[in-house]
Amino acid sequence: MQTQTTSGTRMKTIDMVYSALFAVLIAVCAWITVPMGHVPFTMQTFGVFCTLGMLGGKRGTLSVLVYILLGAVGAPVFSGFGGGLGVLLNTTGGYIIGFLAAALLYWLVTGLCGRKLWSMALGMVLGLLACYAFGTAWFMVVYARTSGAVGLATALGWCVTPYIVPDLVKIALALFMAQVIGRRVRIFN
């Protein structure tokens, strides 16, 4: 009985360590920023999907949640070394919160279909769409309060359309990394 308890405690500790480590990976990816119009181009989405691909739905979602909470309490983990509730409540904060929706969708898809390459890809693409939907709706509401109403087509043109191809490339790279590293480091699975 003692061995099972020790083993369970060890796995929980490992889960926490990997979740924290990958939350830091997302933060580092967020710091890689190219200013563009209303929404900066960052590597955050790569960090999120790489985390999900390597850690799986449960630990990956925990990592994304830890990342968002770190930023919410003021740690400079968001793009441009930003942090605090002000960033989350700003026009682009919905995309950051949308990462949690993306992680939950990925967890759901891979939980139902297994961690096959096609289900991981499907989970990531559906997660990206959820992130776009949540983030764009958030953007439109906050932008309307601060600058005036903006139409859906305009918001999509500013916040989504320029990022579709780069985000799909980031997903492909995250899937590649998860496959290559996952084969070599079994503890991620």
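This is a predicted model: local features need pLDDT of at least 70, side-chain atom pairs count only at pLDDT 80 or more; totals for chains, interfaces and linings use all residues.
Just after helix 4, glycine 114 takes up a positive phi of about 85°.

Helix 4 runs over residues 93–113. At 1.5 Å a residue, its 21 residues should span 30 Å. The end C-alpha atoms lie 31 Å apart, which agrees.

One face of the story is burial. The buried residues of helix 4 include Gly93, Gly94, Gly98, Phe99, Ala102, Tyr106 and Thr110. The helix's buried residues pack against helix 2, helix 3 (85–89), helix 5 and helix 6.

Take threonine 110, which sits in helix 4. Its relative accessible area is 7%, so threonine 110 counts as buried, the cut-off being under 20%. Where does its side chain reach? The side chain of threonine 110 comes to 2.8 Å from the backbone oxygen of tyrosine 106. It also reaches the backbone oxygen of tryptophan 107, at 3.5 Å. Beyond four places in sequence, threonine 110 touches Arg115, Ser119 and Met120.

Now the core. The largest nonpolar core holds 45 residues. Phe49, Val64 and Tyr67 touch the most other members. Helices 1, 2, 4, 5, 6 and 7 each supply at least two of its residues. The largest share, 10 residues, comes from helix 2.

Leaving aside residues up to four places away in sequence, Phe49 touches Ala102, Met124, Gly127, Leu128, Ile171 and Ala174.

Methods: Residues are numbered from 1 along each chain as its sequence is written. Side-chain values use heavy atoms; hydrogens and water are left out. A nonpolar core is a set of buried Ala, Val, Leu, Ile, Met, Phe, Trp, Tyr and Cys residues joined through side-chain atoms within 4.5 Å. Buried means under 20% relative accessible area, exposed over 50%, partly exposed in between (1.4 Å probe, protein chains only). Helices (H or I, at least four residues) and strands (E, at least two) are DSSP runs, numbered from the N terminus. Contact means heavy atoms within 4.5 Å. The expected span of a helix is 1.5 Å times one less than its number of residues. A polar contact is a pair of N or O atoms within 3.5 Å; within protein, one must be able to donate a hydrogen and the other to accept it, and residues adjacent in sequence count only if both atoms are side-chain atoms.
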